[in-house]
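Welcome! Here is a short tour for anyone meeting this structure for the first time. Please take a look at it, and then read on.

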Amino acid sequence: MKNFFSKVVGFFQWLWKRPEVQEALTALQQKAWEDLKAIAAQAIAEVKAGNFTNDEEKRKAAFNRIKSYAILRGKTYPDSIINWIIEHAYQRFQPTVI
């Protein structure tokens, strides 16, 4: 049984490294970024201005905001892509100064 499990894990590791899989993942990230970058920036601004007690609450609020926005527009993305969008938006966040 252990040998079978090792073969299955080895197959998925091989598959993950395939250029086609990496290209598909990159394409999905780019599409998600184009679809969600505006709401992601807004979600980051909202959580930064919000009254949250820790970073986990901020991340969860941003995640829920972005996921809800995508669902309302008939789009679905894996949670890992939404988490990537949050990190991507956070790195690019520029607060509006009045």
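Which residues does A41 touch, not counting residues up to four places away in sequence? A41 touches A89 and F93, where contact means heavy atoms within 4.5 Å. Before going further, please note that this is a predicted model, in which local features need pLDDT of at least 70, side-chain atom pairs count only at pLDDT 80 or more, and totals for chains, interfaces and linings use all residues. Residues are numbered from 1 along each chain as its sequence is written, and side-chain values use heavy atoms, with hydrogens and water left out.

**Overall build**

- The protein has four helices and zero strands; helices (H or I, at least four residues) and strands (E, at least two) are DSSP runs, numbered from the N terminus.
- Starting at the N terminus, the elements follow the order α-α-α-α.
- The protein is more spread out than a compact globule, because its radius of gyration is 17 Å, well over the 13 Å that the globule rule gives for 98 residues. This radius is taken over C-alpha atoms, and the rule is 2.2 Å times the number of residues to the power 0.38.
- Along the principal axes, the C-alpha atoms fill a box of roughly 60 × 30 × 25 Å.
- Of the contacts in the protein with a separation of 6 or more, 63% are between residues 24 or more positions apart.

**Surface and burial**

- The accessible surface is about 7400 Å², and carbon and sulfur atoms hold 58% of that surface. The areas come from the Shrake-Rupley method with a 1.4 Å probe, and for residues, only the protein chains shown count as cover.
- Among the 98 residues of the protein, 21% are buried. Buried means under 20% relative accessible area, exposed over 50%, and partly exposed in between (1.4 Å probe, protein chains only).

- A41 sits in helix α2 and is partly exposed at 38% relative accessibility. A41 and F93 are 52 residues apart in sequence, yet their C-alpha atoms are 6.6 Å apart in space.
- Q29 also belongs to helix α2, and Q29 is buried, with a relative accessible area of 19%. Leaving aside residues up to four places away in sequence, Q29 touches I81 and W84.
- R18 lies in the loop between α1 (2–17) and α2, and its 28% relative accessibility makes R18 partly exposed.

**The largest pocket**

- The largest pocket has a volume of about 220 Å³, a volume being the space filled by probe spheres set on grid points that are joined across faces, edges and corners.
- On a 1 Å grid over the protein atoms alone, a pocket is an open set of points where a 1.4 Å probe fits, with protein on both sides within 12 Å along at least five of seven lines; lining residues have an atom within 4 Å of a point.
- Its lining consists of I44, V47, K48, D55, K58, R59, A62, I86, E87 and Y90. The elements giving two or more residues to this lining are α2 (19–49), α3 (55–72) and α4 (79–92).
- Helix α3 gives the most to the lining, with four residues.
- By class, the lining has five nonpolar, no polar and five charged residues. Here Ala, Val, Leu, Ile, Met, Phe, Trp, Tyr, Cys and Pro count as nonpolar, Asp, Glu, Lys and Arg as charged, and the others, Gly among them, as polar.
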